[in-house]
Amino acid sequence: MIQLEKLTKYFGKHTVVEQASANFEKGKVTSIIGPNGAGKSTLLSMASRLTEKDGGKVLIDSKELVDWDTKALAKKLAVLRQANSITMRFTVREMVSFGRFPYSQGKLTAHDEKVIEQAISYLDLKAIENKYLDELSGGQRQLAFIAMVIAQDTDYVFLDEPLNNLDIKHSLQIMKNIQRLAHEMNKAVVVVIHDINFASCYSDTVIALKKGKIVANGSVEDVIDASILESIYDTPFNVMTVEGKRMCTYY
C-alpha cells in the first residue's frame, strides 16, 4: 500500500496541495477528481517523487519515499505523465520495451521479451506492434504507453489524465484495461481523471480535491453524491443509478 500523510506543496505563496492524506491499495482503482487547478497532478507528482514536497510523508510498503533507491523504485512504481511527446520515431514494440529498462538497462533478455510480448497481447496491440507511433491514432498511442507501463511490471501504477483528447471508444477501452490491471493483476492503479462518469463506473475508490484539499475520499457510493459534487464543482448535479452504477448529469 502507498500511504500519503499530510502532503503539502507551495508554489511561491500559493498553497497548491494542503495536508493531503490518502491510501492507494493493491487490487483497486483509485480515481482522483476535481476542478482544474485543484492540485490533482501535483499530488500524484509528489507521491511519485517527480515533484518535491514541502511537507508530509509518502510511504510505499511502509518505507518512506525519500529512502527508496531510484532503480528499486522504478521496479515498484510506474508513472505515465500527462504529456507524452516523443520526438524520436519508435514502433509500438520498441516503446513497450522501454518498460523493461529498470530490469535490463537496455539489454533485453529472453524474459524481458516474454514480458513485452505479454503486455502487447494484453492490450490487443499485436496487429500494430511494428507500426510507428506517429502512424497511430491518439487512442492507439495511449494504449501503447499503457502497455509500456504494464511491461514495467510494478505493484503501483500512476496515470495522469490518460483519457486526454480521446474519443469515447478509446476512453472506454483504456478504462476497462485500467480496471483489469487492478482486479486481474492486483496492482494499485491511481488515475487523475476529469470524466466523473468514467471515474464512477470503473473505480473502487474516489478522491476529490478542491483548492488543494481532499474534500471527499471513499467508495463510489460515498463520493459520487449530488451534494458533494455540487460543493466541489460549484454547479448543479443530478446523480442516478443506472444498471447498478452511479451516473451524473449536469448542465
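At what angle do α6 and helix α7 pack, and how far apart are their axes? In this predicted model, α6 and α7 (residues 168-185) pack at about 10°, with their axes 10 Å apart. Since angles under 35 degrees count as roughly parallel, that makes α6 roughly parallel to α7. The crossing of α6 past α7 is right-handed.

Which residues meet there? From α6 come Gly139, Gln140, Gln142, Leu143, Ile146 and Ile150. From α7 come His170, Gln173, Ile174, Asn177, Leu181 and Met185. The residues of this contact divide into six nonpolar and six polar, with no charged ones.

Now the sheet. Six strands form an open sheet in the order β6-β7-β8-β3-β9-β10. Their pairing is mixed. β6 (77-80) and β10 (213-219) are the edge strands, each pairing on one side only. Direction ignored, neighbouring strands are turned by 15° against each other on average.

Inside the sheet, β3 (residues 29-33) runs parallel to β9 (residues 205-210). Four bridges join this pair.

| Helix | Strands touched | Angle between directions |
|---|---|---|
| α1 (residues 40-47) | β3, β6, β7 (156-160), β8 (188-192), β9 | about 150° with β7 |
| α6 (residues 138-152) | β6, β7 | about 170° with β6 |

Definitions and conventions: Residues are numbered from 1 along each chain as its sequence is written. This is a predicted model: local features need pLDDT of at least 70, side-chain atom pairs count only at pLDDT 80 or more; totals for chains, interfaces and linings use all residues. Side-chain values use heavy atoms; hydrogens and water are left out. Two strands pair if DSSP finds at least two bridges between them. Helices (H or I, at least four residues) and strands (E, at least two) are DSSP runs, numbered from the N terminus. Axes are lines fitted to C-alpha atoms, for helices over the stretch in contact, and angles run from 0 to 180 degrees between N-to-C directions. Contact means heavy atoms within 4.5 Å. Angles under 35 degrees count as roughly parallel, over 145 as roughly antiparallel, 65 to 115 as roughly perpendicular and the rest as oblique. A crossing is left-handed if the near helix is turned anticlockwise from the far one by less than a right angle, and right-handed if clockwise. Ala, Val, Leu, Ile, Met, Phe, Trp, Tyr, Cys and Pro count as nonpolar, Asp, Glu, Lys and Arg as charged, and the others, Gly among them, as polar.
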